[in-house]
Amino acid sequence: MRNSDFIKEIHPMTKSVFTCAAIATLAAGCSLGFAPPSPPASTSVTIEGKSISIKYSAPSVRGRKVFGEGGLISHDKTYPVWRAGANAATALHTDADLDIHGLHVPAGDYTLFVDVADPDHWELIVSKATGEWGLAYKKEMDLGRVKMEMSKPPSPVEVFKITLSSSGSKSGRLQMEWENHVASVPFHVK
């Protein structure tokens, strides 16, 4: 009996078992340290007893050009608006009303995007849309935009990282780092 004849003889239930076993093996590989290309990440800070958190996926440079014409994100259908991460949209939750560099953001849930038309001058976009895929940006859902402060890291940043930190009793900073760019913006809890 040839291999192809043997496969044709396999009972449909047995095929289902083999399929499930293959899927379980792949899933086990992920839990054994084989991380997805852009693993989930998060950052949070508590200021004045109020929690502020961001959930995102963290892509890696992996030798690619990221920003500018021909860069990795220039191929996204929403370019020059970038999802500030990978996969699902980057989600902001705040228990407090915030002032992000002059933009009033009421307590609640939002999506973060970044306009990177000029890779050296980023603009943070806070969107009222939530629970969407990262490439589902709709300008009409913008709560607002603010310019970010730019700097260069001491060495290239391989894995995209967002950090929320406290910088005083009612203030904090949101910072994004990737490739050769660091973009940050101050915020205040109201």
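**Close-up views of a predicted single-chain model**

The chain exposes about 10300 Å², of which carbon and sulfur atoms supply 58%, with accessible areas taken from the Shrake-Rupley method with a 1.4 Å probe and, for residues, only the protein chains shown counting as cover. This is a predicted model, in which local features need pLDDT of at least 70 and side-chain atom pairs count only at pLDDT 80 or more, while totals for chains, interfaces and linings use all residues. Residues are numbered from 1 along each chain as its sequence is written, and side-chain values use heavy atoms, with hydrogens and water left out.

**View 1. The chain as a whole, with two helices and 13 strands.** Helices (H or I, at least four residues) and strands (E, at least two) are DSSP runs, numbered from the N terminus. Buried residues make up 43% of the 190 residues in the chain, where buried means under 20% relative accessible area, exposed over 50%, and partly exposed in between (1.4 Å probe, protein chains only). Of the contacts in the chain with a separation of 6 or more, 55% come from residues 24 or more positions apart, a contact being heavy atoms within 4.5 Å.

**View 2. The largest nonpolar core, which holds 37 residues.** A nonpolar core is a set of buried Ala, Val, Leu, Ile, Met, Phe, Trp, Tyr and Cys residues joined through side-chain atoms within 4.5 Å. The members that touch the most other members are Trp 82, Ile 100, Trp 122, Leu 124, Leu 174, Met 176 and Phe 187. When neighbours within four places in sequence are left aside, the residues in contact with Met 176 include Ala 84, Val 114, Trp 122, Leu 124, Met 148 and Phe 160.

**View 3. Aromatic pairs, of which the count comes to nine.** Rings of Phe, Tyr and Trp (its six-membered ring) pair if their centres lie within 6.5 Å, and planes under 30 degrees apart count as stacked, over 60 as edge-to-face and the rest as tilted. The rings of Trp 82 and Trp 122 have centres 6.0 Å apart and planes at 80°, so this pair is edge-to-face. The pair links distant parts of the chain, with Trp 82 in strand 3 (residues 81-82) and Trp 122 in strand 8 (residues 121-127), 40 residues apart. Trp 82 is buried at a relative accessible area of 1%, and Trp 122 is likewise buried, at 1%. Another edge-to-face pair joins Phe 113 and Tyr 137, whose ring centres are 4.9 Å apart and whose planes stand at 65°. Phe 113 lies in strand 7 (residues 108-118) and Tyr 137 in the loop between strand 8 and strand 9 (142-147), so the pair ties together parts that are 24 residues apart in sequence. Phe 113 is buried with a relative accessible area of 0%, and Tyr 137 counts as buried at 15%. Ring pairs also link Tyr 56, Phe 67, Trp 82, Trp 122, Phe 160 and Trp 178 into a cluster.

**View 4. The hairpin of strand 11 and strand 12.** Strand 11 (residues 157-166) and strand 12 (residues 171-179) pair in the antiparallel sense over seven bridges, where two strands pair if DSSP finds at least two bridges between them. Leu 164 stands opposite Leu 174 in strand 12. Four residues lie between the strands of this hairpin, and Gly 168 takes a positive phi near 155°.

**View 5. Strand 2 with its partners, strand 1 and strand 4.** Strand 1 (residues 40-47) and strand 2 (residues 50-57) pair in the antiparallel sense over eight bridges, and Ser 51 in strand 2 is the bridge partner of Thr 46. These strands form a hairpin with two residues between them, and Glu 48 in the turn has a positive phi of about 55°. Strand 2 also pairs with strand 4 (residues 90-94), in the antiparallel sense over four bridges, and Ile 54 has Leu 92 as its bridge partner in strand 4.

**View 6. Salt bridges, of which a search of the whole structure finds seven.** A salt bridge is a side-chain nitrogen of Lys or Arg within 4 Å of a carboxyl oxygen of Asp or Glu. The side chains of Asp 115 and Arg 145 meet in such a bridge (3.1 Å, N to O). Asp 115 lies in strand 7 and Arg 145 in strand 9, so the pair ties together parts that are 30 residues apart in sequence. Asp 115 is buried at a relative accessible area of 14%, whereas Arg 145 counts as partly exposed at 26%. The side chain of Arg 145 also meets that of Asp 142 in a salt bridge (3.1 Å, N to O), and Asp 115, Glu 123, Asp 142, Arg 145 and Lys 147 are linked in a network of salt bridges.
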